[in-house]
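Open the model in your viewer and keep the sequence panel beside it. This tour goes stop by stop, saying what to select and what is there.

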Amino acid sequence: MACCPAHDDRTPSLSIKECDDGRLLVHCFAGCPTGDVLTAVGLSLGDLFPDGMRSHHKPGLPHWKMERLRAHADHERAVLACMRSDAARGELVDPERAAKAKERLRKIGGLLND
């Protein structure tokens, strides 16, 4: 715990933790956005990740956004798998929802692969 540099902190409200993989977790319990905390000390979100981990991600997209995009892609793939299973059993499927899932996967793929 430390005093947060992003606001007038009189009692420590900033938690900083190093994860097993070398990532740093920064959280201000007073509610300061992580970006504001890092800017106050001259750092960026990319500085919270080890060099080897940063090279695996698209520049400009923080790790948490990449993980969120991957989770959305997993969800849309699961939707399509359920629809294929339903169709194989002769059940009706919503073609508009299938098209939406495919379009979302296409967009996510473009963001992850650019």
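How many disulfides does a search of the whole structure find? The search finds zero, a disulfide being a pair of cysteine sulfur atoms within 2.5 Å.

**Before you start**

This is a predicted model, in which local features need pLDDT of at least 70 and side-chain atom pairs count only at pLDDT 80 or more, while totals for chains, interfaces and linings use all residues. Residues are numbered from 1 along each chain as its sequence is written, and side-chain values use heavy atoms, with hydrogens and water left out.

**Stop 1: the cysteines**

Select Cys4 and Cys28. Cys4 has 4% relative accessibility, so it counts as buried. Cys28 also counts as buried, at 3%. The classes run as follows: buried is under 20% relative accessible area, exposed is over 50%, and partly exposed is in between (1.4 Å probe, protein chains only).

**Stop 2: the whole chain**

Zoom out and switch to cartoon. The protein chain has four helices and two strands. Its order along the sequence is β-β-α-α-α-α. These elements are DSSP runs numbered from the N terminus: helices are H or I with at least four residues, strands E with at least two.

Along its principal axes it spans about 65 × 30 × 25 Å. The radius of gyration of the protein chain is 20 Å, whereas a compact globule of 114 residues would have one near 13 Å. That radius is taken over C-alpha atoms, and the globule rule is 2.2 Å times the number of residues to the power 0.38.

The protein chain exposes about 7,900 Å², with carbon and sulfur atoms supplying 55% of it. Accessible areas come from the Shrake-Rupley method with a 1.4 Å probe, and for residues only the protein chains shown count as cover. Of the 114 residues, 24% count as buried.

Colour by charge. There are 17 positive and 17 negative charges, and their mean positions are 5 Å apart. Lys and Arg count as positive, Asp and Glu as negative; His and the chain ends are not counted. Each charge is placed at NZ of Lys, CZ of Arg, CG of Asp or CD of Glu.

One figure for the contacts: among those between residues at least 6 apart in sequence, 35% join residues at least 24 apart. Contact means heavy atoms within 4.5 Å.

**Stop 3: strand β2**

Select residues 24-28, which form strand β2, and pick out Leu24. Is Leu24 buried or partly exposed? Leu24 is partly exposed, at 31% relative accessibility. Leaving out residues up to four places away in sequence, Leu24 touches Lys17, Glu18 and Leu48.

Draw a distance from Leu24 to Met83. The C-alpha atoms are 40 Å apart, across 59 residues of sequence.

**Stop 4: helix α3**

Select residues 63-88 for helix α3, and find Glu76 within it. Glu76 counts as buried, with 4% relative accessibility. Which residues does Glu76 touch, not counting those up to four places away in sequence? They are Arg97, Ala101, Arg104 and Leu105.

Move to Ala73, also in helix α3. Ala73 is buried at 4% relative accessibility. Neighbours within four places in sequence aside, Ala73 is in contact with Leu105 and Ile108. Ala73 and Arg106 are 33 residues apart in sequence, and 9.2 Å apart C-alpha to C-alpha.

Next take Lys65 in helix α3. Lys65 has a relative accessible area of 35%, so it is partly exposed.

**Stop 5: helix α4**

Finish on residues 95-113, helix α4, and select Glu96. Glu96 is exposed, with a relative accessible area of 65%. Glu96 and Leu48 lie 41 Å apart, C-alpha to C-alpha, and 48 residues apart in sequence.
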